[in-house]
Amino acid sequence: MKKIDLNEWMSKLKLIEERAEKLALLSQLSQILNSTLDPQEVRRRAMEAATRLMKAEVGSLLLVDEEKQQLYFEVALGDREDDIKKITLNLGEGIAGWVAQKGKPLIVNAPEKDPRFFRGVDERTEFKTRNLICVPLRVKEKVIGVLEAINKQKEEDFNQEDLSLFISLADQVAIALDNARLYQELEGMFFQTAESLADAIEKRDPYTGGHTQRVTIYSLIIATYLRLNPLEKKWLKIASVLHDIGKIGIEDHILRKPDQLSPEEFDAIKRHSDIGAEILEHIQQLRGIVPGVKYHHEQIDGRGYPDGLKGDGIPLLAKIVAVADTYDAMTTDRPYRKALKKEEAFEELKKCSGTQFDSEVVEAFIQAYQKGEI
Ligand SMILES: [Fe+2]
């Protein structure tokens, strides 16, 4: 019977343990990567994952620019990021260019001896590349970029085991990048559809050319000063674009009437905020913007419409759209009056701050104006 060598057995066990740890880390990193659909965040996490999984000093992500047939650094070393971002590699140039062109992974443990190694990055950053591992990122057989880890810690070299782990990570990175891209495309398409809808309504009302776009710009500027989070900003953007969608249900002779409206006609116009909310309620994904659309004519003192909400009872999105909407109405020509000058319009907003408009929203808008953003 073969005698069991305890030392050998222990070192095998240690190897198995290390592998299990690496696989657990890979699975954890993959989960982190795929838990966001923000492309920039996916790229940042990809680079971080490359660094952690490969126990490297730094990681970088280069993406292919198909038109130019070049690779550009998407994310790279912290401090030197701006220097590095200016560097582009032609396909075939440098290690990364070679990997992207051939679609094959590569370990380079002695870059100074490898003719493919591109010294430009080290020269510009005073960074010394000791060794690197580089794998292609593939989506449906197409190389969309490469992932690199540079300088393995503890003076070690990269090995075949690192490579197979890194290839698995690259698969996850490619999936996450592609998902984020698809999501962004979908979202872009949605915004364009929303804008076309808003445009269709504007076309019926000849006096408001460009109104929706300007209201959206003003709203988003206010949002920045009020430090709204990205999700709130996204809702606000859609609410601004679609705030008057309900005008689709208002008859032309009222909507296009050049003279002062009768009280009945004004009542009819007032229905547009409710109609807008009714239209949008059908779309599950747009529930978050309904309050912004429904209540954009409410006033802090409760004298607005449709429900006469007061103060904090009015949703923030609606309070912001209200200020942006009114400011644009004041500063554009209408058939029954000339446009006010910017200063005059801001004076009006100030006068009505706390009664018609939310004072914090007005304050944010004034700050933006004073900084020349309006
Ligand atoms: Fe409106």
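This is a predicted model: local features need pLDDT of at least 70, side-chain atom pairs count only at pLDDT 80 or more; totals for chains, interfaces and linings use all residues.

Modeller: The account below treats the iron site and then the pocket.

Residues are numbered from 1 along each chain as its sequence is written.

The iron ion has as protein donors Asp244 (OD), His272 (NE2), His296 (NE2) and His297 (NE2), at 2.1 to 2.3 Å. Donors here are N, O and S atoms within 2.8 Å of the metal (3.2 Å for Na, K and Ca); water is not among the atoms, so sites may look incomplete. Along the sequence, the donor residues follow the spacing D-x27-H-x23-H-H. Asp244, in the loop between α8 (230-242) and α9 (252-255), and His272, in helix α11 (residues 272-281), are 28 residues apart and link distant parts of the chain; helices are DSSP runs (H or I, at least four residues), numbered from the N terminus. Asp244 counts as buried because its relative accessibility is 12%, and His272 likewise at 2%; buried means under 20% relative accessible area (1.4 Å probe, protein chains only).

One of the iron donors, His297, is also among the residues nearest the centre of the largest pocket, together with Phe266, Tyr305, Arg334 and Tyr336. A pocket is an open set of points on a 1 Å grid over the protein atoms alone, where a 1.4 Å probe fits, with protein on both sides within 12 Å along at least five of seven lines; lining residues have an atom within 4 Å of a point. The lining comprises 41 residues, and its largest share, 4 residues, comes from α13.

Notes
Side-chain values use heavy atoms; hydrogens and water are left out. Helices (H or I, at least four residues) and strands (E, at least two) are DSSP runs, numbered from the N terminus. Buried means under 20% relative accessible area, exposed over 50%, partly exposed in between (1.4 Å probe, protein chains only).
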